[in-house]
Amino acid sequence: MAMLSAPRPQGPLVWFHAASVGETNAVTPLIKEIRRRGIAVVLTTGTTTSARVAAERLGSAVVHQYVPLDFKPAVSRFLEYWQPDLAIIAESEIWPMTIIELGRRHIPQVLVNGRLSDRTFARWRRRPSLADALFENLALVIAQSDVDAERFRTLGALPVTVSGNLKVDNDAPPHDPRDLREYRQQIGARKTWAAISTFEGEENAAGTVHQALKERTGLLTIIVPRHPERCDAIEAALVAKGLTVARRTRGDPVTPEVDILLGDTIGEMGLYLRLTEVAFVGRSLFAEGGQNPLEPAMLGCAVLSGGNVQNFRETYQMLAKNGSAKIVRDTEMLAKGVNYLLANDDMRRSMIDAGTRNRATDAGRADGDDEGPRPLHQPACGEGAAGAAP
């Protein structure tokens, strides 16, 4: 049960719920706009990681609490204490008891950035009576895509509108210019690529890619796991492969001998992505679901991903259509894709331009030091791609 660890602010109050880091980042601009109008906000999240991100990006502007378990006593206690005037829930969080208790108290509830995966939609369709009884409680659903909107309507939600993905409209992830400058000085002329939001197995794949390309390119590989608490085990596995690892939390310098920069911190994706122009987005090679590719695209990276991107199908379709993302099937194809993009400036630049064409990212770099993505140098004479473009 969530602990009620702060006093309720006076006056109108909006309850925001954002399950994880991505949802927290997505609703941050909306929260800031509501706070600008003088309305108090209590923000709940489901993980310690997202709680830290909320503290970094919103600070004292909101009251943070951990979300109550979806049981009637916990939800009732939470609602009786906070007495929200409106509940705004991000993305695919469908909690039956919470929805019912909000409806029973006649508290309007809005689902923003709404999406329903294939699996979730199929599960609710097998229980149409329950779905209708729940979804009719939603005062408004703002869906990410036309497909998501039709799915919500099928399950009984009305009204439903489409806004696109809120993460497209979010600010580029922040960074410390001093840290960026220091890392760039340490990296020098080395080529780089990043494997971000990785899940189990993908760090090992990134290490294999590094071993395949290092002799040819002098490569530095940046790995940023989705769950930093796994980093001790990840480091041990990479060292067992004969790789030298520098960790951000230890302040290890990136010397010429370092193979892997392990990004084991929270809220610094903006730093890691500004160190490269090629990014593989994880939870897509061996795990299902995918992770959102918009941050690397908006920060000037050519995007690679595995094929298991069901949760972000429309986003990847958009990026693939405009030429800013490519799909790889396995570790070997990932190595070929990374090598091809590092060795072919025109293709890499074309993908980067496609990803940023409809997005004004200058504000995300306007710190007086960040002149744009770190340039990748021309391959040495006679150096070619290891294979065809992905």
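Predicted model: local features only at pLDDT ≥ 70, side-chain atom pairs only at ≥ 80, totals over all residues.

Residues are numbered from 1 along each chain as its sequence is written, and side-chain values use heavy atoms, without hydrogens and water.

**The β-α-β unit.** β2, helix α2 (residues 48-58) and β3 form a right-handed β-α-β unit. Right-handed here means that, with the strands pointing away from the viewer, the path from the first strand over the helix to the second runs clockwise. Helices (H or I, at least four residues) and strands (E, at least two) are DSSP runs, numbered from the N terminus. Tyr66 in β3 is the bridge partner of Thr45.

Strands pair if DSSP finds at least two bridges between them.

| Strand | Partner | Bridges |
|---|---|---|
| β2 (residues 40-45) | β3 | 4 bridges |
| β8 (residues 192-198) | β12 (residues 278-281) | 3 bridges |

**The helix pair.** The axes of α3 (residues 72-82) and α4 (residues 96-104) come within 10 Å and cross at roughly 45°. Axes are lines fitted to C-alpha atoms, for helices over the stretch in contact, and angles run from 0 to 180 degrees between N-to-C directions. Contact means heavy atoms within 4.5 Å. Residues making the contact include Val75 and Leu79 of α3 and Met97 and Leu102 of α4.

**The sheet.** 7 strands make an open sheet with parallel pairing, in the order β10-β11-β9-β8-β12-β13-β14. Its edge strands, β10 (245-247) and β14 (325-327), each pair on one side only. Ile196 stands opposite Val281 in β12.
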